Amino acid sequence: MNDFLIAVVTPLGQVDQVIAAANTAGATGATILHAREVENSVEKGLFHIKVEPEQAIILIAASKEVAEVICQSIHNELGKNPKQTGSIYILQIQGRENIG
Amino acid sequence: MINNQPANDLFYSLLIIIVNRGKGGKILEFVHKKGINKASCFLGKGTIKNNLLQLMEMHEVNKEIITMVVPFDMEAEILNQLNIKFHFESQNHGIAFTIPIAGISKWKKDSLIQWDKINSAANPQGNHVALLLVVDKGNAERVVQISQQAGYFGGTIIKARGSASKLNMVLDMVVEPEKEAVLILTENNGAGQLASLLSKHLQLCHDNTGILIKLAISNAIGLFSNNSNRQG
């Protein structure tokens, strides 16, 4: 199998940009999971309230060639700004049903 | 464009932990002490296979799903420590498993995908596989029901939203369809049967019905065999 599941972990505000970049690169669709980040969780303020930033995990299924183009496109769109952070993890798919 | 050499000769795995809601914070604190600084946590719904509880509509359990990236050579040790601390070997204490990562890319550091040649080529095979289904909202419970009726494990339902490339424009508003992702863990030898069973029931061969993905699991704790009442 030469199919991969791309998991893009990004702050919630950048979801639309990531999806637009992925669609431009040839992605046929995406699934967005709403998550919370733990790395940057800090206790802030008078009452030491723990702040956990909102995060999204975007799942895109694609072939290896398309996955490379998608990652490059996302990086071109969002990697220029040093304030924008995120990671892309690629998992190998063993079998599939109905991936457009 | 592609760097075939893994970064610093390190290989990574995606560690996924599914526990009852409220326990996630303790696990995050524990893994933070072990040196894993970055983790994501999201909420889900689990199901209990019990006819009496189903009659009383009490068969659903709130779950927390924690994902983190761990070095490949450390995954067995981390799983072992989690097992000692949170007793995953006992039933109903949660599940933890790892999926090998084939490639990785950080926006700040590099634009290239660091393909993991060892993991993607050799692909260590465990006894279990993970089936990830993305279906329209409302169908997830049916997926779990089909799986349980056929004698397989239940599943974890996660709320999601879809984003098709051809967007529906209604009154200049972008419509994002509500979706549900279902994560089912099953044994390697029964996964194909379950996949075809779900594909048949949900008619996944047609467009816009859902997708089903099978992912290899390298290590898993907290899973108990129930193949005695399995149907084909």
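Author: Here are questions on the contact between the chains, the charged pairs and the cysteines.

Author: This is a predicted model, in which local features need pLDDT of at least 70, side-chain atom pairs count only at pLDDT 80 or more, and totals for chains, interfaces and linings use all residues. Residues are numbered from 1 along each chain as its sequence is written, chains are lettered from A in the order in which they are written, and side-chain values use heavy atoms, with hydrogens and water left out.

Reader: How many residues does chain A give to the contact, and how many does chain B?

Author: Contact means heavy atoms within 4.5 Å. Chain A gives 54 residues and chain B gives 57 residues.

Reader: What area is buried between chain B and chain A?

Author: Buried area is the accessible area (1.4 Å probe) that two parts lose on being put together, summed over both. Here carbon and sulfur atoms give 59% of it. The total is about 4400 Å².

Reader: Which side chains meet in a salt bridge between chain B and chain A?

Author: A salt bridge needs a side-chain nitrogen of Lys or Arg within 4 Å of a carboxyl oxygen of Asp or Glu. The count between these chains is 1. The N to O distance is 3.5 Å, and the side chains are those of A:Arg36 and B:Glu64.

Reader: Which element gives the most to the side of chain B that touches chain A?

Author: Strands here are DSSP runs (E, at least two residues) and helices are too (H or I, at least four), numbered from the N terminus. The elements that give two or more residues to this side include strand S2 (39-47), strand S4 (95-106) and strand S11 (210-216) of chain B. With 8 residues, the top giver is S4(B).

Reader: Why does the pair of B:Lys45 and B:Glu141 tie together separate parts of chain B?

Author: The closest N and O atoms of this salt bridge are 3.8 Å apart. B:Lys45 lies in strand S2 and B:Glu141 in helix H5 (residues 140-149), so the pair ties together parts whose separation in sequence is 96 residues.

Reader: Which salt-bridge partner does B:Asp136 have?

Author: B:Asp136 lies in strand S6 of chain B. The N to O distance is 3.0 Å, and the partner is B:Lys179.

Reader: Where does B:Lys137 lie, and what does it pair with?

Author: B:Lys137 is partly exposed, at 46% relative accessibility. It sits in the loop between S6 and H5 of chain B. In a salt bridge of 3.5 Å, N to O, its partner is B:Glu178.

Reader: Is A:Thr10 buried or exposed?

Author: A:Thr10 lies in strand S1 (residues 3-11) of chain A. Its relative accessibility is 1%, so A:Thr10 counts as buried.

Reader: How many disulfides are there over all chains?

Author: A disulfide is a pair of cysteine sulfur atoms within 2.5 Å. A:Cys71 is buried, at 1% relative accessible area, and B:Cys205 is exposed, at 61%. The search of the whole structure finds 0.

Technical notes: Buried < 20%, exposed > 50% of the residue type's maximum accessible area, 1.4 Å probe, protein only.
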